[in-house]
Amino acid sequence: MSSSVTPPTARRGARMARLVFALCWLAVLFDGLDMFIYGSVLPHMLETKALGLDPDQAGDLGSYATFGMLIGALTAGTVCDRIGRKRMMVGCVTLFSLASALCALAPNVATFGLGRTLAGLGLGGLLPTAITMVSDYAPRGRGALIVGGLMTAHHAGGILSAYVATWVVEPLGWRAAFWFCVIPLLFVPVIAKVMPESLSFLVARGRTEEARRLSTTYDVELPAVKAPRPDGAGRWDALTDLFRANQWIQTLLYWLASFGGLLLVYGVATWLPTLMRAEGYDLGSSLQFVVVFNLGGIIGMLLAGRAADRFGAPRISAVWFLLTAVSVYLLSIHMALALTFVVVFLAGVFLNSAQTMIYATVSIRSAPENRATAVGWTSGMGRFGAVFGPWLGGQLLASGNGDWGFTAFALTGLFSMVFIGIASLRKAQQAPRQTTDLPLPAAH
């Protein structure tokens, strides 16, 4: 008799998951637009000497945003596990939209840098929050695919940024591109009205009555949490949980792999158009590389997500980082334009999803009560690499060694491969001792 009830319930639960996924996908689309827009307009800003920019200053400005993302990611996970995913998403989208307005109005480099830093706070907080939100509602056994699907939005935002730079910057100037990035502010009331709070968060915080009301409204089964943590729990309990027993080893391996992964992601994202111009390609081709790179990222997310749900996210991440190192290194070799597009596409396929599979691993294997903290701190520690990546590219270019940029990024891919590979081997050895009563999504 239960079989006649379960399918409709499952379908209603799936509709709820699709609603959450769709809202988070749009939010991350805006996140990607705001993140990539600086790299897309940077060649124009350098060519016209906007705000008196030189390559050295440009690298510093790229690092300002990623420094803000570092602070945002480190604080967002802990704050999110205390105040809720929904409030955090509303605050993050509002912050980076208003910060883009400040960039558009900036009269000098210092004000522009402040705007990029504030935007980074919002961008850094949004990503771990959205990953946690969709993971809370992910169907069992599809956690990595759901996270990969969410991250396609980030690269769709990167593609959009290239077209904004192509269609808006030339006729209207670089400031118009940042005004375009204020549009997400109109999306904030939609999140506030339509987005439900995470049931796992509510149960983990002991807010069971609120969780039951949402569960009844949307006809979704309440998740199970081993030890609900009330609102008065210690502020750092979720963080210290990441270091209990032998868990600290796994945590540090994820952090080190994330450092290299985000150095790659933001170093290449910031400097790809400029480095390709240094290789002799014109501005139009350089912006097309951004589109091709992010198209590869979208396909790579879906491929990696499917493969990770079958073989394990850390294993796929290690293989993807190796392939990233090979493809990024090939970009340092001047090739025919058509072949270069193929290599840029492959770099996009592997580079972006390699880092995302680290997030998927952490999200899937974390308990609901500290999932946002685990993802946020993994992202936050990786942001040290994200700060270093744009700075490194700027230093190499300013010293006349821009052709070494891709080689340095390729070596970083090998660095991350080693650490996530070790994490994969350790997990495989510990797998027989895992329990199987984890809440959704299932562990791999």
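Modeller: Axes here are lines fitted to C-alpha atoms, for helices over the stretch in contact, and angles run from 0 to 180 degrees between N-to-C directions. The model under discussion is predicted.

Colleague: At roughly what angle do the axes of α13 and α14 cross?

Modeller: The axes of these two helices come within 8 Å. An angle over 145 degrees counts as roughly antiparallel, and α13 and α14 are therefore roughly antiparallel to each other. The crossing angle is roughly 150°.

Colleague: Is the crossing of α13 with α14 left-handed or right-handed, and how many charged residues does their contact have?

Modeller: α13 passes α14 in a left-handed crossing. By class, their contact has 18 nonpolar and six polar residues, and the number of charged residues is none.

Colleague: Which hand does the crossing of α14 and α15 have?

Modeller: Helix α14 covers residues 337–364 and helix α15 residues 371–398; their axes lie 8 Å apart at an angle of about 150°. That makes α14 roughly antiparallel to α15. The hand of this crossing is right-handed.

Colleague: How many charged residues belong to the contact of α3 with α4?

Modeller: Helix α3 (residues 85–105) packs on helix α4 (residues 109–137) at about 155°, with the axes 8 Å apart. The two are therefore roughly antiparallel, and their crossing is left-handed. The residues of this contact divide into 17 nonpolar, six polar and, as for the charged ones, three.

Colleague: Which residue of helix α4 takes part in a salt bridge?

Modeller: A search of the whole structure finds one salt bridge.

Colleague: Which helix gives the largest share of the nonpolar surface patch?

Modeller: The patch, of about 590 Å², is made by Leu 322, Val 326, Tyr 329, Leu 330, Ile 333, Leu 411 and Leu 414. The largest share, four residues, comes from α13.

Colleague: In which helix does Leu 411 lie?

Modeller: Leu 411 is one of the residues that make the nonpolar patch. The helix in which Leu 411 lies is α16.

How values were computed
Residues numbered from 1 in each chain as written. Predicted model: local features only at pLDDT ≥ 70, side-chain atom pairs only at ≥ 80, totals over all residues. Heavy atoms only, no water. Parallel < 35°, antiparallel > 145°, perpendicular 65-115°, else oblique. Left-handed = near helix turned anticlockwise from the far one by under 90°. Nonpolar A, V, L, I, M, F, W, Y, C, P; charged D, E, K, R; others polar. Patch = residues over 30% accessible without salt bridge, like charges linked within 9 Å, V, L, I, M, F, W, Y side chains within 5 Å. Areas by Shrake-Rupley, 256 points an atom, 1.4 Å probe, with all protein chains shown as cover. Salt bridge = Lys/Arg side-chain N within 4 Å of Asp/Glu carboxyl O.
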